Amino acid sequence: MRVGVVGGGIIGLAAAEALSRRGAAVTIFDRSGPGGGQSGGLTRIFRHLHRSDAQTRLAVDARLAWRELERRSGRRLVGAEGVLVAGGDLDLALERLVRAGAPAELVDGRHVERLLPILGRDAGPAVLDADGGAIRVRRALECLEGLLPGGAIARQEVFGVSPGGSGASVEATEGSLRFDHVVVAAGAETARFAAGLGIELPERRGVHPRLMFDVGDGSVGLPCYVDRTAAHGESAYAGPVGSSPRYVVGLSAGETLPLGAGETTLGGGDDFDELYARTVAYVRRAMPGLDPDPVAFRLCHVTALTGDSDAFGVWEREAVTVFAGHNVMKFAPLIGESLARLIVDGESDAGLPRFGAPDASQPVDASNAAGPHADRSHAAGADRDPRESAAGSGDRRGSALGGG
């Protein structure tokens, strides 16, 4: 079976690696090479806590998938720093983690200060997600690429994907190439390819700045931090850059600079400058142990499906499978396996809930969809606990907590 994968980010590579292990001959198309787009950067947060029990359980499975990838590659890909979640209903957060089988405990403010000394002395209680940590992004991309057969990556621009006959074609820089199946996992470019297939993704697009700071005393191994308290005027997420004495911080209260359909650049700089300044001001107030002058920043794409910044789904059009979502890097090895099972093994649900919403604002049940061209989506992120208002697991408007 010959499979073309459009997109060389973490999802495309994970899918290609899983497909290859199942005997598929895989070609990955990415004009800038692996990790040059939405999966770029040095770090992401792996967290178990989500708004629904289903997604939290899925994160537990994803952690096992990361460990299996670590075993195959021989390298550590997710750190053991842990994740502190402050604010919201901590009892509910702890209950959800324990119910899903994720090691967790409620810790008081003094314990929080010991674990994360960059915080001020007014730290409150938090839930410690003990098995969470910082994803080593570049190392993960390198490992997945290294597990692929030589010559699997084609550094070509893709202009379109066309299903037809018993397969699908990829229209790329060096011509039209024919495959038995094509997977589109192109990050911020996915909606454009989906539109060419007649699929309108329920996607809200934007960009989100994430700033990097030096740790003042040079400490390493600090836990990740999700701040939902608004005690310092903002909600935020933060985490270490591998084992270096650096820490990244971003605001997560829906602070996304919007992009319209087809847009790839911002119209003006005032909104960005304001968001940048607010992030620096938050660090000065909430994290006095960081040097307040940023050493770098990254403008991250947000591709949140409407209604939940952690939702993702799969839409199919004949021999083309389109993957879309946001904050998906933490799920990447599991999603790769699921896509391979869907395409090669023919598993209709591939272990994910089944929804279909190519042109709706919310995923809807598509179990009765009829006709050979009915859109089908295997999506996660729709069964939120009604008690959940701010359980400390990321903002629904797109926080880039783990975007991939």
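**Figure 1. Looking for disulfides in the predicted model.** A search through the whole structure turns up 0 disulfides. Cys 224 is buried, with a relative accessible area of 0%. Cys 300 is buried too, at 7% relative accessible area. This is a predicted model, and the search result holds for the model as it stands.

**Figure 2. The whole chain, before zooming in further.** Of its 404 residues, 57% count as buried. Take the contacts in the chain with a separation of 6 or more: residues 24 or more positions apart account for 72% of them.

Figure 3. Mean pLDDT for the protein chain is 84, with 81% of the residues reaching 70 or more. Where pLDDT is low, the predicted coordinates should not be read in detail.

**Figure 4. Helix H2 meets helix H8.** H2 (residues 53-73) and H8 (residues 332-343) pack at an angle of about 90°, and their axes are 7 Å apart. Angles from 65 to 115 degrees count as roughly perpendicular, so H2 and H8 fall into that class. On the H2 side, the contact is made by Leu 58, Asp 61, Ala 62, Ala 65, Trp 66 and Leu 69. H8 brings Ala 332, Pro 333 and Leu 334 to the contact. Sort the residues of this contact by type and you get 8 nonpolar, no polar and 1 charged.

Figure 5. Buried or exposed: which is Thr 279? Thr 279 is buried, because its relative accessible area is 1% and buried means under 20%. The residue sits in H7, which spans residues 270-286. Setting aside neighbours within four places in sequence, Thr 279 is in contact with Leu 211, Val 249 and Leu 251.

Figure 6. His 301 belongs to strand S18 (residues 296-305). At a relative accessible area of 25%, His 301 is partly exposed. Check the C-alpha atoms here: His 301 and Val 207 are 4.5 Å apart in space, although 94 residues separate them in sequence.

Figure 7. Most residues other than glycine have a negative phi. Which way does phi go at Glu 318, a residue other than glycine? Phi of Glu 318 is positive, near 55°. Glu 318 lies in the loop between strands S19 (312-317) and S20 (320-325), and is partly exposed, with a relative accessible area of 44%. Asn 327 is not a glycine either, and has a positive phi of about 55°. Look for Asn 327 in the loop between S20 and H8. With a relative accessibility of 0%, Asn 327 counts as buried, whereas Glu 318 is partly exposed.

How values were computed: Residues numbered from 1 in each chain as written. Predicted model: local features only at pLDDT ≥ 70, side-chain atom pairs only at ≥ 80, totals over all residues. Heavy atoms only, no water. Axes fitted to C-alpha atoms, helices over the stretch in contact; angles between N-to-C directions. Helix = DSSP H or I, 4+ residues; strand = E, 2+ residues; numbered from the N terminus. Parallel < 35°, antiparallel > 145°, perpendicular 65-115°, else oblique. Contact = heavy atoms within 4.5 Å. Nonpolar A, V, L, I, M, F, W, Y, C, P; charged D, E, K, R; others polar. Disulfide = S-S within 2.5 Å. Buried < 20%, exposed > 50% of the residue type's maximum accessible area, 1.4 Å probe, protein only. pLDDT = per-residue confidence, 0-100.
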